[in-house]
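Biologist: I'm new to reading structures. Could you walk me through a few features, one at a time?

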Amino acid sequence: MICSVKVCAVRNAGLPGARCRSRACRRRRLEPNSLLGLPMFEGLPPDQILHLLSGASIGIHPPRTPLFDAGCTADAFYILLHGRVKLFALTEEGKESIVEIIHPVTTFAEAAMFASGNYPVSAETIEESDLVRVRSKTFLACLKQNPELGRRILAALFRWNRRLDNELRVLKELTPIRRLAGFLLTMVPEEDGGAVIDLPLKKVVIANRLGMEPESLSRALARLRDIGVSSKGRTVEVADIGKLRAFYTDERPAETPRVFPSGRVAT
């Protein structure tokens, strides 16, 4: 189902508590305030954000819905409100290699508008997902009318891109078992103690995301038993979060900032 943001209650109701009346917005409660924290809109006034989203559409997409293919014209970018989306590339052998798993609330594919103009990877929903599709033509026209706004958005995208580059660098320096430890740490509370994690994705997808074979993921899980991490199916139990965190951080290169695979910087 698709609806236009132009006829959305959000369009004119002001930010606090405003909701779209479409099924997609009503079901997942599109909260305009949630958009304020997105890297692309960092520091922008709420009314300017809504102006930039004028003409966008909101839709509910079933699992395995293709959104765009690598090499196609980047005629839109997306805001994921609910669900999960995978960005992937195909190897020369035709094997799918997952570049990133997108979680809500997040924008994706926006950099292609300002770069080559083509999508560098493909995108497909993993599960039923609610997406805002923002047309590049309309969005860029708004920016042309307000060059200062365009500069602010580009600056925000630059900061976000640097964080992603750092994440990729960190992942390359980590052993598979520490990549897994960092991934698990993104799904547990900040405080110490125990936790039970329901893995949000199939293990084969997680392995692909962490840059390892499924067999390597199984071996890494087995090795983590020594520090109190056990798993059964898609359920992982962490006996001591502090111990897992210490394992992840203690033997990392001293000069490398501690960045978890989600992009969150450890303090």
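**Reading the backbone and the burial**

Modeller: Let's start with Ala109, which is buried, with a relative accessible area of 18%. Keep in mind that this is a predicted model.

Biologist: Why does Ala109 count as buried?

Modeller: The cut-off for buried is under 20% relative accessible area, and Ala109 has 18%, so Ala109 is buried. Ala109 sits in the loop between E7 and helix H5 (111-114). Its phi is near 75°, a positive value in a residue other than glycine.

Biologist: And Arg64, is that one buried or exposed?

Modeller: Exposed: Arg64 has a relative accessible area of 58%, and the cut-off for exposed is over 50%. Arg64 also has a positive phi, near 65°, and isn't glycine either. Look for Arg64 in the loop between strand E2 (57-61) and strand E3 (66-68).

Biologist: Which residues does the cis peptide bond join?

Modeller: Pro104 and Val105, with omega about -10°. Val105 lies in the loop between strand E6 (96-102) and strand E7 (106-108).

Biologist: How do I read a helix?

Modeller: An α-helix has 3.6 residues a turn, so residues three or four places apart point the same way. Now find Thr249 in helix H11 (residues 241-250). A polar atom of the Thr249 side chain lies 3.0 Å from the backbone oxygen of Arg245. Thr249 counts as buried, at 15% relative accessibility.

Biologist: How many residues of helix H8 are buried?

Modeller: Nine of the 10 in H8 (residues 176-185), so call that helix mostly covered. Among the buried ones are Ile177, Arg178 and Phe183.

Technical notes
Residues are numbered from 1 along each chain as its sequence is written. This is a predicted model: local features need pLDDT of at least 70, side-chain atom pairs count only at pLDDT 80 or more; totals for chains, interfaces and linings use all residues. Side-chain values use heavy atoms; hydrogens and water are left out. Buried means under 20% relative accessible area, exposed over 50%, partly exposed in between (1.4 Å probe, protein chains only). Helices (H or I, at least four residues) and strands (E, at least two) are DSSP runs, numbered from the N terminus. A polar contact is a pair of N or O atoms within 3.5 Å; within protein, one must be able to donate a hydrogen and the other to accept it, and residues adjacent in sequence count only if both atoms are side-chain atoms.
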